[in-house]
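Let's take a walk through this model together, from the overall fold down to single side chains. Please keep the sequence and the 3D view open as you read.

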Amino acid sequence: MALMKKLTVLAGAAGAARAYAKKNPEKVNQAVGKAAKFVDDKTKGKYHEQIAGAVRKVNSVTGQPGQPGPAGPAAAGR
């Protein structure tokens with residue numbers, strides 16, 4: 001039963017995050033963009049496609065067209 005309780009809490013947190021994202025799309029997109037750039041830089045672009053996919057998913061929830069950013073670590077110096 002502990003697993004069900006954890007899943008319920010996780011579902012509630014996900015719902016709250018989704019609601020916040022819809023109410024504050026600019027803030028969310030800015031934070032996600034910074035986080036995506038940080039992780040992409042730290043992983044040296046190894047997971048760029050997965051990170052870009054996560055950014056696109058967040059943008060679809062916030063209703064913002066947003067772009068995942070430049071491709072790979074070579075673009076980090078721009």
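What follows goes from the whole chain to its helix contacts and then to a few residues.

First, some ground rules: this is a predicted model, in which local features need pLDDT of at least 70, side-chain atom pairs count only at pLDDT 80 or more, and totals for chains, interfaces and linings use all residues. Residues are numbered from 1 along each chain as its sequence is written, and side-chain values use heavy atoms, with hydrogens and water left out.

Start with the overall picture. The protein chain has 3 helices and 0 strands, and from the N terminus its elements run α-α-α. Helices here are DSSP runs of H or I with at least four residues, strands are runs of E with at least two, and both are numbered from the N terminus. Of the 78 residues in the protein chain, 19% count as buried; buried means under 20% relative accessible area, exposed means over 50%, and partly exposed lies in between, using a 1.4 Å probe and protein chains only. The accessible surface of the protein chain comes to about 6000 Å², and 64% of that belongs to carbon and sulfur atoms. These areas come from the Shrake-Rupley method with a 1.4 Å probe, and for residues only the protein chains shown count as cover.

Now let's see how the helices meet. Two packed helices are described by the angle between their axes and the distance between the axes. The axes are lines fitted to C-alpha atoms, for helices over the stretch in contact, and angles run from 0 to 180 degrees between N-to-C directions. For helix 1 (residues 2-23) and helix 2, the axes come within 5 Å and cross at roughly 110 degrees. Tyr20, Ala21, Lys22 and Lys23 of helix 1 make the contact with Pro25, Lys27 and Val28 of helix 2, where contact means heavy atoms within 4.5 Å.

How do helix 2 and helix 3 pack? Helix 2 (residues 25-42) and helix 3 (residues 48-62) pack at an angle of about 175 degrees, with axes 10 Å apart, so helix 2 and helix 3 are roughly antiparallel to each other. Helix 2 brings Pro25, Val28, Asn29, Val32, Ala36, Val39 and Asp40 to the contact, and helix 3 brings His48, Ile51, Val55, Val58, Asn59 and Thr62.

One of those residues, Asn59, sits in helix 3 and is buried, with a relative accessible area of 6%. Asn59 and Asn29 are 30 residues apart in sequence, yet 6.9 Å apart in space, C-alpha to C-alpha.

The whole structure contains 1 salt bridge, defined as a side-chain nitrogen of Lys or Arg within 4 Å of a carboxyl oxygen of Asp or Glu. Asp41 forms a salt bridge with Lys37, with the closest N and O atoms 2.9 Å apart. Both residues lie in helix 2, 4 residues apart, about one turn of the helix. Asp41 is partly exposed at 34% relative accessibility, and Lys37 is partly exposed at 45%.

Finally, visit the loop between helix 2 and helix 3, where you will find Lys44. Most residues other than glycine have a negative phi. Phi of Lys44, however, is near 55 degrees, a positive value in a residue other than glycine. Lys44 is exposed, with a relative accessible area of 65%.

Key. Angles under 35 degrees count as roughly parallel, over 145 as roughly antiparallel, 65 to 115 as roughly perpendicular and the rest as oblique.
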